[in-house]
Amino acid sequence: MSNKELLFAASTLWVVVAAVLVMFMQAGFAFLEAGLTRMKNVGHVAAKNVLIFALASIVYYLVGYGMAFGDGGNGFVGGSGFAPSTEELLQIGQAPFSWFGQIPAAAGYLFEVVFAGVSLAIVWGAMAERTKLWVYFAFGVVFTLVYSLVSHWIWSPDGWLFARGMQDFAGSTVVHYQGALAGLAGALLLGPRLGRFGADGRANPIPGHNMAFTTLGVIILWFGWFGFNAGSTLSVDFGGIGFFAYVALNTNLAAAAGVIGAVATSWALIRKPDLSLMLNGAIAALVAITAACAFVAPWAALVIGLGAGAIVVLGSQLVERARIDDPVGAIAAHGMAGVWGTLALGFLAMPSMAEKLATGQGGLLYTGSAAQLGIQALGLLAVGVFTFSASFAALWVMKATFGIRTDAEAETAGLDVSEHGMWGYPELFTPVPGGYGTDGPSAVGGGWRPTVVPETG
C-alpha cells in the first residue's frame with residue numbers, strides 16, 4: 001500500500017468513526033426531548049427520532065446527496081449523483097462527487113446524511129407534544145430537500161455562498177439555524193400546547209418529566225459533537241496533520257464556557273442556577289462554535305461559548321414572551337445561538353486560519369474590515385428567508401388540507417396512546433400484572449387494580 005493509499009484509508013476510517021459519533025447524537029436528542037416533555041409523550045418522542053433518521057437516510061441517498069454535492073450543477077443546486085451507483089460511491093475525488101478528494105463518496109454520504117438527520121431532529125423539538133405523526137413523513141421529505149439545497153450553497157465548491165467566502169465550518173447555519181427556522185414555522189402554525197398560556201397571556205410552566213434524561217441527552221450530544229465538528233475536516237490531514245484535534249479543543253472550550261455563561265445569566269435574572277438552562281447553555285455554545293471551531297483562537301472559543309450561554313437564557317425568555325411554545329428551547333439554543341456563532345466569525349476569524357482553510361478572510365478584530373461580517377450576514381439573511389418561507393409554506397399547506405395538530409382529546413391523553421396505541425411508561429397508565437397499584441403476585445390471576453396518575457393537558 002502506497003503512502004497515498006494509506007492516507008486515504010486513514011481518512012476514510014476517521015470520517016466513518018466521526019459519522020457514527022454524529023449518528024449517536026440521535027440518542028442524545030431522544031433523551032433530551034423525552035426529558036423535557038411529559039411522560040405521556042415519551043414513546044412518541046422516541047419513535048420520532050428513529051423515524052426521522054430512517055426517512056432522511058433514504059431521501060438523502062435518492063436525491064439530497066446529489067443536490068448538495070453532485071457535480072455539474074450551478075450555484076444553487078448540484079446536478080448529478082442522484083441514487084448513486086456502487087461504482088460512483090467507491091470512487092475517490094471523481095465525478096459525480098469530486099469534492100470528496102480523500103475519501104470514497106460512500107464515506108462522504110455517510111457523514112453528510114447524519115448531519116441532515118440532526119437538522120431534522122431540531123425541527124421537531126419546537127413542535128413537540130402536539131404534532132400528528134404523518135407530518136413527520138411529509139415534512140421530513142420537504143425539509144431534507146430544503147436542507148440539501150442550502151448545504152450546497154455553503155459547503156459545495158459550486159455554491160454561491162461558498163464562492164463568496166462564507167465561513168460555516170460544520171454547520172451553525174446549515175444545520176442548526178435551518179432546523180430552528182423550520183421549527184419556528186411549525187410552532188407558529190401549531191400554536192401553543194393546551195394550557196401553556198393563560199387567557200391573560202401569562203405563561204404557565206409545563207415542566208419536563210425527567211431531568212436525568214435531559215442531562216444524559218446533553219452529555220451524549222456533547223460527546224457526539226466531537227465527531228460533528230472535528231469530523232468536518234473530512235480527512236486526517238486537512239489543515240495539517242492532526243488539525244482536527246485543534247477543532248475538538250475549541251469545541252470543548254466553548255461548550256464549557258456555555259455552561260458557565262448560562263448559569264451566570266440564570267442566576268442574575270431568576271436568582272437560581274436553573275438546570276434546564278444550564279444544559280441548554282452547553283447546547284447553545286456547541287451550536288455557536290460549530291461554525292467557528294476551525295477559524296478562531298481558543299480564547300475566542302471561550303468568548304463565543306460564554307455569549308451563547310447568555311443568549312440561550314435571554315432568548316428563551318423572549319420566545320416565551322412572544323407566546324411561542326417551544327418545549328425544548330430549540331429556537332433559542334439552535335436558532336439564536338446559530339446566528340451568534342455565524343456572525344462571531346465576522347469579528348473573530350483569524351486571517352491565518354482563513355488562509356489555511358482557503359475560505360473567506362479574517363474578521364474585523366484582526367483586519368479592521370467588516371467584509372467577512374457582511375458575507376456572514378448575507379448568508380444568514382438568504383438562508384433565513386428561504387428556509388423559513390419554504391418551511392412555513394409547506395406546513396401551511398399541510399395544515400390547510402389535512403391538519404398538522406392533534407385534536408384536544410388526543411393531546412390531553414398523550415401522543416403515545418393517540419398516535420401509537422401504546423405508552424412509554426405502561427405501568428403508570430395501564431394495568432400490568434405485578435405493576436404499580438396491583439395486589440402483588442396474586443394480581444396475575446386477574447385481581448389487579450391499575451394506578452391512575454392524574455395529569456393535566
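Me: How do the residues of the lining of the second largest cavity divide into nonpolar, polar and charged?
Reply: This is a predicted model. The second largest cavity holds about 50 Å³ of space. Its lining consists of Glu33, Asn41, His44, Val45, Lys48, Trp124, Ala128, Glu129 and Tyr136. By class these residues are four nonpolar, two polar and three charged.

Me: Which element gives the most to the lining of the second largest cavity?
Reply: The lining includes Asn41, His44, Val45 and Lys48. Helix H2 covers residues 42-69. With three residues, the element that gives the most is H2.

Me: Glutamate 129 has a positive phi; what is its value?
Reply: Glutamate 129 is one of the residues that line the second largest cavity. It sits in the loop between H4 and H5. Although glutamate 129 is not a glycine, its phi is positive, at about 75°.

Me: Which elements give two or more residues to the lining of the largest cavity?
Reply: The search of the whole structure finds two cavities of 30 Å³ or more, and the largest has a volume of about 70 Å³. Phe29, Leu32, Glu33, Ala121, Ile122, Gly125, Asn280, Val328, Ala330 and His334 form the lining of the largest cavity. Two or more of these residues come from each of helix H1 (3-36), H4 and helix H12 (330-348).

Me: How many residues of the lining of the largest cavity are charged?
Reply: The lining includes Phe29, Leu32 and Glu33. Its residues divide into six nonpolar and three polar. The number left for the charged class is one.

Me: Are H2 and H4 parallel, perpendicular or oblique to each other?
Reply: The axes of H2 and H4 come within 8 Å and cross at roughly 130°. Roughly perpendicular ends at 115 degrees and roughly antiparallel begins over 145. The crossing angle of roughly 130° therefore makes the two helices oblique.

Me: What is the make-up, by class, of the contact of H2 with H4?
Reply: The crossing of H2 and H4 is right-handed. On the H2 side the contact includes Ile52, Phe53, Tyr60, Tyr61 and Tyr65, and on the H4 side it includes Val113, Val114, Leu120 and Trp124. Lys48 in H2 and Glu112 in H4 also take part. The classes are 15 nonpolar, four polar and two charged residues.

Me: How is H4 oriented relative to H7, parallel or antiparallel?
Reply: The axes of H4 and helix H7 (residues 172-190) come within 7 Å and cross at roughly 30°. Angles under 35 degrees count as roughly parallel. H4 is therefore, relative to H7, roughly parallel.

Me: How many charged residues are in the contact of H4 with H7?
Reply: Phe115, Val118, Ser119, Ile122 and Val123 in H4 meet residues of H7, among them Val174, Val175, His176, Gln178 and Gly179. The contact has eight nonpolar and five polar residues.

Me: Which helix gives the most to the lining of the largest pocket?
Reply: The largest pocket has a volume of about 760 Å³. Of its 27 lining residues, Arg196, Ser276, Leu277, Ser316 and Glu320 are the closest to the centre. Helix H10 (275-292) and helix H11 (298-321) each supply at least two lining residues. With five residues, the helix that gives the most is H11.

Me: How many residues of the lining of the second largest pocket are nonpolar?
Reply: About 580 Å³ of space lies in the second largest pocket. Trp99, Ser232, Thr233, Leu234 and Phe238 lie nearest its centre. H4 gives the most to this lining, with three residues. Beside seven polar and three charged residues, the number of nonpolar ones is 17.

Me: Where is proline 96 found?
Reply: Proline 96 is joined to alanine 95 by a cis peptide bond. The omega of this bond is about 10°. Proline 96 is found in the loop between helix H3 (86-90) and H4.

Methods. Residues are numbered from 1 along each chain as its sequence is written. This is a predicted model: local features need pLDDT of at least 70, side-chain atom pairs count only at pLDDT 80 or more; totals for chains, interfaces and linings use all residues. Side-chain values use heavy atoms; hydrogens and water are left out. On a 1 Å grid over the protein atoms alone, a cavity is a set of points where a 1.4 Å probe fits but cannot get out, and a pocket is an open set with protein on both sides within 12 Å along at least five of seven lines; lining residues have an atom within 4 Å of a point. Grid points are joined across faces, edges and corners, and a volume is the space filled by probe spheres set on the points. Helices (H or I, at least four residues) and strands (E, at least two) are DSSP runs, numbered from the N terminus. Ala, Val, Leu, Ile, Met, Phe, Trp, Tyr, Cys and Pro count as nonpolar, Asp, Glu, Lys and Arg as charged, and the others, Gly among them, as polar. Axes are lines fitted to C-alpha atoms, for helices over the stretch in contact, and angles run from 0 to 180 degrees between N-to-C directions. Angles under 35 degrees count as roughly parallel, over 145 as roughly antiparallel, 65 to 115 as roughly perpendicular and the rest as oblique. A crossing is left-handed if the near helix is turned anticlockwise from the far one by less than a right angle, and right-handed if clockwise. Contact means heavy atoms within 4.5 Å.
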